[in-house]
Amino acid sequence: MLLDTLLDRTVVVGYSRFGYALRRRTWPADDPAPDALRGRVALVTGAGSGLGEATAAGLARLGAEVVLVVRNVERGERALSRVRAAVPEAKVRTARCDVADFASVREFAATEPRVDVLVHNAGVLPPRREESVAGHEITFATHVLGPLLLTELLRPALRASADARVIWVSSGGMYTQKLAADDPEYRGGRYRGATAYARTKRMQVELTPTLAERWRPDGIAVHSTHPGWADTPGLAGSLPSFRRLVEPALRTAEEGADTAVWLAATRPGPPAGRFWHDRRDRPTHLLPGTRPAPGDAERLLRFCLDAIGPIGR
């Protein structure tokens, strides 16, 4: 336990493949069970490569019927072929959804009558400030508004599940940011893509306990997790200098996706509303000055619900 905590606080070691290898030795070999997700339906956004693809394969390996939710269908079909090659018995398919586009989210949600697991993994890290078709800053739309809308639209399907789980794939980079409740659209100050990414990842983590309470009456458990430093196409494309610097220590995508898969499949389900890394709940603040004021998360949620508009249930 002490070693695990030290690994987490050192960041460099804890987030690396070495931290994963050390922690893995303590995990039960039978958790999750090989058929833990048999008969369950799981949706994974951003499943065209990297962590999303690895998460989809991990869920399929445990017996789930998995939908690879992608913006680019051709890319999704290539990922689908790789998942089928890795898991020959997999029940998998692709579906198109641009999570940042509310119309696309609504269209997709209407086609999915059954959902047991929903993994919000889609991500962007733009070099300059961009807006979605609805006029929202693109990382905010992709990481917060779109996933919130999708979950709200799928609440009836999730409510019908005997054990519904929603998982937000965040980032350890969120530790550097406080909750931007006063400027969620990042209109003030100099815009930096990496900062926008970390800000919205902070939002995901701060909203997790609030959403866990919101959806608890429906039997929907909400979790957030971060993968550590994983070697993915997204990292190579968005942060090439960082990747070159830490390349020897990077985890595989499968190692980065492990906790998301575990959160979806372990039984009994872990406590809702918490932030996880390498199968343990972690503190949400490590640096001074990042804790939100009381009520800020609830205020941000109200802003988000106004932004996504009526659900129409």
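Reader: How should I treat the numbering and the values?

Author: Residues are numbered from 1 along each chain as its sequence is written, and side-chain values use heavy atoms, with hydrogens and water left out. Because the model is predicted, local features need pLDDT of at least 70 and side-chain atom pairs count only at pLDDT 80 or more, while totals for chains, interfaces and linings use all residues.

Reader: Where does helix H6 bend?

Author: A bend is the angle between axes fitted to the seven residues ending at a residue and the seven starting there, and helices are DSSP runs (H or I, at least four residues) numbered from the N terminus. Helix H6 (residues 138-153) bends by about 35° at Leu145, with Pro147 following within four residues.

Reader: Is H6 enclosed or open, and why?

Author: Since 16 of the 16 residues of H6 are buried, H6 is largely enclosed by the rest of the structure; buried means under 20% relative accessible area (1.4 Å probe, protein chains only).

Reader: How many bridges join strand S2 to strand S3?

Author: Strands are DSSP runs too (E, at least two residues), and two of them pair if DSSP finds at least two bridges between them. Here S2 (residues 65-70) and S3 (residues 91-96) run parallel and are joined by 6 bridges, and Val66 has Val92 in S3 as its bridge partner. From S2 the chain passes through H4 to S3 in a right-handed β-α-β crossover, that is, clockwise from the first strand over the helix to the second when the strands point away from the viewer.

Technical notes
Buried < 20%, exposed > 50% of the residue type's maximum accessible area, 1.4 Å probe, protein only.
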